[in-house]
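Please read the points with the structure open beside them.

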Amino acid sequence: MKATARAHTNIALVKYWGKRDQELILPQTDSLSLTLDPFYTDTTVEIDPTLAADQLSIDGNQVDPSKMGKVERVMDTIRSWSQQNHFARITSTNHVPMSAGLASSASAFAALAAAGAKAYGLQLARRDLSRLARRGSGSATRSIFGGLVQWHRGHDDQSSYAEPIMEKLDFGLEMIAILVDTSAKKVSSRGGMQLTVKTSPFYKAWKEVVQTDMSNMLAAIKDKNINAIGHIAQENALRMHALTLSADPGFTYFDGDTIKAMHLIDDLQAAGINCYYTMDAGPNVKVLYDRRDRSLILQRLGDVFNPDRLVVASAGPGVTYL
Ligand code: 2P0
């Protein structure tokens, strides 16, 4: 009747950017991510037979029912799978800067899927939990698992799920988020990717790029080659952002500080310090590197950006029950 789950956000190293089914959230391509330790969401789902609709509070604020479409999609699926029609009280606490391109929706919908499934008595394998989380938000599919995770694009609901590649990392891949701006973004990922699929003349090429990047990334992970992982992730991110620029109307998630951080990391690379950048649907820059270089990289980034805005993140676990 009541369950609480914790799920962590993830950073995509090979990006998901475009759907071929808006209802079921079936993606155009595979994607691959690293689940992150410090950013997570705790969600409690409690069935209440006296309620006439689901109730949701996020970080202590009641959410307007008109803004609960994605949550309802997940809850309605849980009701259909469990053949129960009661509504629930949902309470969610984020430990993620919201709408900052740090994918709070990934941890939020992974935690909702896990807590909701348990509260309604569903005993789902994690693969099926990932299919359930997918209905709320694409990136949430991957946050069911820890470490390095692949989301298989699949061809239908059954075959589009996430799977761990390496749940416990036994090499030093780590990330620093440079929080250049944590205010809400202007173009949602959902709207941005839809516009891109529809209007970018480069979209067909992107699908080919991802296929190549996926197989190169899997090989680099197998070799535990952080420089190859970082290089592929950086190129993949640049190509994703080239899609937004090539949409009609074109747009970008970058702001001035994003470019400043990219140049700084280019300079560090040129000076022989191995670090790479990636950006999601927001201006923040995430730096990938080997953890043995952490203090040097933190120091160099701290020369340019406020050290308070630098957050170190190592690999995090998959969804857990509290
Ligand atoms: C990713 N992003 O792979 C990509 C890269 C942002 C850039 O998934 O519409 O919130 O809910 O499926 O998952 C962010 O988009 O979008 C995202 P929906 P989502 O992480």
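The points below go from the overall model to single residues.

1. The structure is a predicted model. The average pLDDT of the protein is 95, and 97% of the residues score at least 70. For the complex, the predictor reports a pTM of 0.96 and an ipTM of 0.98.

2. Overall dimensions. The C-alpha trace spans about 65 × 40 × 35 Å along its principal axes. The radius of gyration is 19 Å, which agrees with the value near 20 Å that a compact globule of 322 residues would have. Of these 322 residues, 47% count as buried. The protein contains 14 strands and eight helices.

3. The ligand. Where does the ligand lie relative to domain 1 and domain 2? Domain 1 covers residues 2-170 and domain 2 covers 173-313; both give residues to the shell around the ligand, so the ligand lies between them. The ligand is surrounded by 15 residues, and the closest are Ala12, Ser137, Gly138, Ser139 and Ser189. Sorted by class, the shell holds three charged, six polar and six nonpolar residues.

4. Strand S1. This strand runs over residues 2-14. Because 10 of its 13 residues are buried, S1 is largely enclosed by the rest of the structure. S1 pairs with S4 in the antiparallel sense through 11 bridges.

5. Strand S4. With S7, aspartate 42 has threonine 93 as its bridge partner. With S8, leucine 32 stands opposite glutamine 150. S4 itself spans residues 31-47 and is mostly covered, with 12 of its 17 residues buried.

6. Lysine 67. This residue is in the loop between strand S6 (61-62) and helix H1 (69-82). Is lysine 67 buried or exposed? Lysine 67 has 10 C-beta neighbours inside 10 Å, and a residue with 12 or fewer is classed as exposed, so lysine 67 counts as exposed.

7. Backbone points to check. Most peptide bonds are trans, and most residues other than glycine have a negative phi. Some positions in this model depart from that pattern and can be checked in the viewer. The peptide bond from aspartate 248 to proline 249 is cis, with omega near 0°. Proline 249 sits in the loop between helix H6 (226-245) and helix H7 (256-270).

8. Positive phi at aspartate 59. What is the phi of aspartate 59? The value is near 50°, which is positive in a residue other than glycine. Aspartate 59 is in the loop that lies between strand S5 (55-58) and S6. With 11 C-beta neighbours inside 10 Å, aspartate 59 counts as exposed.

9. Positive phi at lysine 224. Lysine 224 also has a positive phi, near 50°, and is a residue other than glycine. Its loop lies between helix H5 (203-222) and H6. Lysine 224 has 15 other C-beta atoms within 10 Å, so this residue is partly exposed.

Definitions and conventions:
Residues numbered from 1 in each chain as written. Predicted model: local features only at pLDDT ≥ 70, side-chain atom pairs only at ≥ 80, totals over all residues. Buried ≥ 20, exposed ≤ 12 C-beta atoms within 10 Å, placed from the backbone. Helix = DSSP H or I, 4+ residues; strand = E, 2+ residues; numbered from the N terminus. Pairing = 2+ DSSP bridges. pLDDT = per-residue confidence, 0-100. Near = placed C-beta within 6 Å. Nonpolar A, V, L, I, M, F, W, Y, C, P; charged D, E, K, R; others polar. Domains from an automatic or database assignment. Rg over C-alpha atoms; globule rule 2.2 N^0.38 Å.
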